Amino acid sequence: MGYENAAAARTDLIEQNITNYHGEAILAYLMNAWYCAGWSADLTKKPIGRTLLERPVVLYRDAGGRAVALGGMCPHRFAPLGDGSVVGDNIMCPYHGLQFDRAGTCVLNPHGDGHIPANARVESHPVVEKNGAIWVWMGDAASANPETISAVDWFASPSYSSIHGYLRVDANYQMVVDNLLDLTHAPLLHPNTVGGRPEDAAGMRHDFRTDPEGVIHSNYFVEAMPRPSPQLLPLWGDRPGDFRAEMRWRPACTLELDIRFSPLGADKHEGVHVPSLHYLVPESETVTHYFYAMGRNVAIDNPQIDDAMAAGARQAFEDEDEPMIKACQDLMGTTDLMSLNPVILKTDIAGVQARRRLSQLIKAQ
């Protein structure tokens with residue numbers, strides 16, 4: 001259910017904020033959740049070291065090509081295992097050559113008599129590959145259920161062409177979620193990429209809801225849009241149609257967006273479909289990993305459009321969204337949005353709902 005007004009939304013979110021015994025906001029993440037740690041296509045024989053939820057993680061493929069996710073810091077002298085190398089099914093530390101298996105247990109000490117101390121081990125995280133991405137579970141391993149990762153049928157479909165990329169955002173991950181759930185900024189911040197001319201979006205209608213599974217929907221509709229955005233123009237042509245942008249948020253910070261441009265008054269499935277994935281994971285309180293992918297159901301065999309789509313996505317996300325979100329974060333001087341008494345508009349309700357839901361889940365854990 002939604003809120004009747006913006007003031008009620010803000011009051012409710014403030015009451016849901018997690019606090020310590022001094023009543024101060026504390027830093028916390030939802031640990032029992034799947035986080036995208038990278039795209040499957042980007043993980044080859046070379047290990048990748050990343051910080052997820054302020055914890056170092058190393059990703060690599062074993063001899064059978066299976067993805068492995070371990071704690072990324074060697075327990076000997078705390079060297080980054082992401083700079084190491086793969087030996088069979090093991091990861092080898094680049095500093096002194098200790099080797100750790102898929103379970104995180106040290107199986108080789110190449111020094112002295114080869115004795116392996118009992119504490120020579122690193123954490124092993126559940127990891128699965130789905131939707132072309134590598135998902136890591138950072139919390140209680142017994143609670144990890146891959147079925148809770150939303151399945152995306154278009155990413156590997158022969159009926160779609162797709163691109164993917166990565167962006168580092170110097171801001172709190174919930175700021176990025178806010179940005180994605182409120183797409184009213186698109187005509188202003190992205191007039192030459194994914195937003196289009198502000199006058200073409202006149203009369204935009206907004207609808208949001210939360211379904212029984214806790215998925216928050218934030219949808220936008222422009223009836224009889226005079227012309228599509230520059231992103232859709234090569235796919236649809238310079239003619240009017242009905243525009244839809246339908247965003248879905250799942251905890252902790254997984255978002256899926258369907259952009260559709262269809263004939264006037266027709267079913268939305270009759271036109272151009274440009275779906276996208278926005279997989280976020282906090283590196284720290286003020287840094288976010290942003291993995292994105294975008295597809296299309298027309299002109300799927302045109303590599304020039306692939307290149308144009310990739311360039312447009314980079315421009316929109318890297319040159320327009322990221323600088324604005326970072327500028328807001330810098331001016332705020334805090335990651336506690338509500339401590340600044342922000343103005344809450346009706347179009348912010350989906351973002352408020354997401355913050356509220358995430359706060360509840362973190363508090364419950």
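Okay, let's start with how helices α2 and α5 pack. Helix α2 covers residues 173–181, and α5 runs over residues 303–332; helices here are DSSP runs of H or I, at least four residues, numbered from the N terminus. In this predicted model, the two pack at an angle of about 130 degrees, with axes 10 Å apart. Axes are lines fitted to C-alpha atoms over the stretch in contact, and angles run from 0 to 180 degrees between N-to-C directions. That makes α2 oblique to α5, since under 35 degrees is roughly parallel, over 145 roughly antiparallel, 65 to 115 roughly perpendicular, and the rest oblique.

Who meets whom? On the α2 side we have M175, V176 and N179, and they meet D321, I325, C328, Q329 and M332 in α5. Contact means heavy atoms within 4.5 Å.

A word on the source: the model is predicted, so local features need pLDDT of at least 70 and side-chain atom pairs 80 or more, while totals for chains, interfaces and linings use all residues. Residues are numbered from 1 along each chain as its sequence is written, and side-chain values use heavy atoms, leaving out hydrogens and water.

Staying on α5, E320 sits in that helix. E320 is buried, at 12% relative accessible area; buried means under 20%, exposed over 50%, partly exposed in between, with a 1.4 Å probe and protein chains only. Beyond neighbours within four places in sequence, E320 contacts L189, H190, T193 and Q315. The C-alpha atoms of E320 and T193 are 9.5 Å apart, although 127 residues separate them along the chain.
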